[in-house]
Amino acid sequence: MTEHYDVVVIGAGIHGAGVAQAAACRGHTVLVLEKTAIAAGTSSRSSKLIHGGLRYLESHDYGLVRESLRERAILLRIAPDLVHLQPFSIPVYADTSRRPFTLRAGLLLYALLGGLDRASRFRKLPQREWEHLDGLETRGLQGVFQYHDAQTDDTALTRAVMQSASELGAELICPAEFRNASLGPQGYEIVYHSGGSEQHCRASVVVNAGGPWVGSVAERFTPQPPRVAADMVQGAHLVMQDGLSQGCYYLEAPQDRRAVFLLPWGRHSLLGTTEHVYRGDPAAVAVLAEEEHYLLSVLQHYFPQHSQQLVSRFAGLRVLPVSAGTAFRRSRETRLVADNKQQPRLVSIYGGKLTGYRATAQKVMRKLESALPRCRLIADTAKLPLRPA
């Protein structure tokens, strides 16, 4: 007999795990199909930040910033062992494009959108403190602003969310390769490969949380669902030998004025990221020589005494809607694409941010609720503690 689930999720990255948890919290039967491992793709190759999106104020994405700050506050509360508040320092030099007045105004708006709580406040560091900033170049330094955002281990957070979903009754099959799905009167008939053989199940609704593979997963549905014109945008990160003692640094790349972060990462430091369109197999993404040179040049410019010795390097992929201009200026808003506007049974997640995974999962569930049975609410993801798996 073919097993039936209320919700089948394809992909166990942070968004797949988040949807599984949200669905299980609502009392639904849930199955997650993951081809390789939890957080095997982008969800283990991010900048490791739970942040409100300070730089998104420049593109007037106030709603996204407000949502991100709200989600940051929730995660700091429910996952204190996984999400930690960190000071972020923004140095200002004579050639820095964002002048002190602009930065002060942006940080004030950021604090207001964050509700003026302790985590949203900022200050301008007195000059006597500059010498303690991990060897930051002080020649030509005009000022340093400091605010707070949060940092996490993205893999550990994804595993914790998936563990929470499992404790609520969600099932995970890994490895399991999704093959195809056909829409019938009661939902989707799903075929997947696991344990050396072909398996079948039914689902009232399906969530395509394939990350960089979202487009190729969508191609395996009958009938073909609508899709978004999107690019995979590569971001490179370097793990540097030297550590940091004074928190995180928000730097303006002198080459093109992009934001680059230097972050503590255990005994080491994490430097990233880059942005350029990637055309290959998502599984083959790797740091390019020009990306490494770009990031090391930024490091040398601001921290000339910091070791240039690498411990490791990694690259991840974001899915961003196609638009004119540079990848850095593209919208970061998550797109939820349904197979049918009247009664959706499939939702594909295009894009998405680590910080906003929980809010995205709630939106997915609201979009699909008309095709799901009524169940008793078991828990609230905004109040459910997350613990290291």
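**Cavities, helix packing and backbone geometry**

In this predicted model, the count comes to two cavities of 30 Å³ or more. The second largest cavity holds about 40 Å³ of space, and its lining is drawn from several separate parts of the sequence, being formed by Gly 41, Thr 42, Arg 45, Pro 212, Trp 213, Pro 282, Val 285, Gly 316 and Leu 317. When these lining residues are sorted by class, five are nonpolar, three are polar and one is charged.

The packing of the helices is considered next. Two packed helices are described by the angle between their axes and the distance between the axes. For helix α1 (residues 14–25) and helix α4 (residues 154–167), the axes come within 8 Å and cross at roughly 25 degrees. Because angles under 35 degrees count as roughly parallel, α1 is roughly parallel to α4, and the crossing of these two helices is left-handed. On the side of α1, the contact involves Ile 14, Ala 17, Gly 18, Ala 20, Gln 21 and Ala 24, which meet Leu 157, Thr 158, Val 161, Met 162, Ser 164 and Ala 165 in α4. Eight nonpolar and four polar residues make up this contact of α1 with α4, and no charged residues take part in it.

Helix α1 also packs against helix α7 (residues 357–368), with axes that come within 8 Å and cross at roughly 55 degrees. At this angle α1 is oblique to α7, and the crossing of α1 and α7 is right-handed. Here Ile 14, His 15, Gly 18, Val 19, Ala 22 and Ala 23 in α1 meet Tyr 357, Thr 360, Ala 361, Gln 362, Val 364 and Met 365 in α7. By class, the contact of α1 with α7 has eight nonpolar residues, four polar residues and no charged ones.

From α2, the residues in contact are Tyr 62, Val 65, Arg 66, Leu 69 and Arg 72, while α3 contributes Leu 109, Tyr 110 and Leu 113. The residues of the contact between α2 and α3 divide into six nonpolar and two charged, with no polar residues among them.

Several features of the backbone lie in loops between strands. Most residues other than glycine have a negative phi, and most peptide bonds are trans. The peptide bond from Cys 174 to Pro 175, however, is cis, with omega near 5 degrees, and Pro 175 is found in the loop between β7 (171–173) and β8 (177–184). A cis peptide bond also joins Thr 222 and Pro 223, where omega is about 0 degrees; Pro 223 lies in the loop between β11 (221–222) and β12 (230–240). Lys 48, a residue other than glycine, has a positive phi, with a value near 65 degrees, and this lysine is placed in the loop between β2 (30–33) and β3 (49–50).

Terms used
Residues are numbered from 1 along each chain as its sequence is written. This is a predicted model: local features need pLDDT of at least 70, side-chain atom pairs count only at pLDDT 80 or more; totals for chains, interfaces and linings use all residues. Side-chain values use heavy atoms; hydrogens and water are left out. On a 1 Å grid over the protein atoms alone, a cavity is a set of points where a 1.4 Å probe fits but cannot get out, and a pocket is an open set with protein on both sides within 12 Å along at least five of seven lines; lining residues have an atom within 4 Å of a point. Grid points are joined across faces, edges and corners, and a volume is the space filled by probe spheres set on the points. Ala, Val, Leu, Ile, Met, Phe, Trp, Tyr, Cys and Pro count as nonpolar, Asp, Glu, Lys and Arg as charged, and the others, Gly among them, as polar. Axes are lines fitted to C-alpha atoms, for helices over the stretch in contact, and angles run from 0 to 180 degrees between N-to-C directions. Helices (H or I, at least four residues) and strands (E, at least two) are DSSP runs, numbered from the N terminus. Angles under 35 degrees count as roughly parallel, over 145 as roughly antiparallel, 65 to 115 as roughly perpendicular and the rest as oblique. A crossing is left-handed if the near helix is turned anticlockwise from the far one by less than a right angle, and right-handed if clockwise. Contact means heavy atoms within 4.5 Å.
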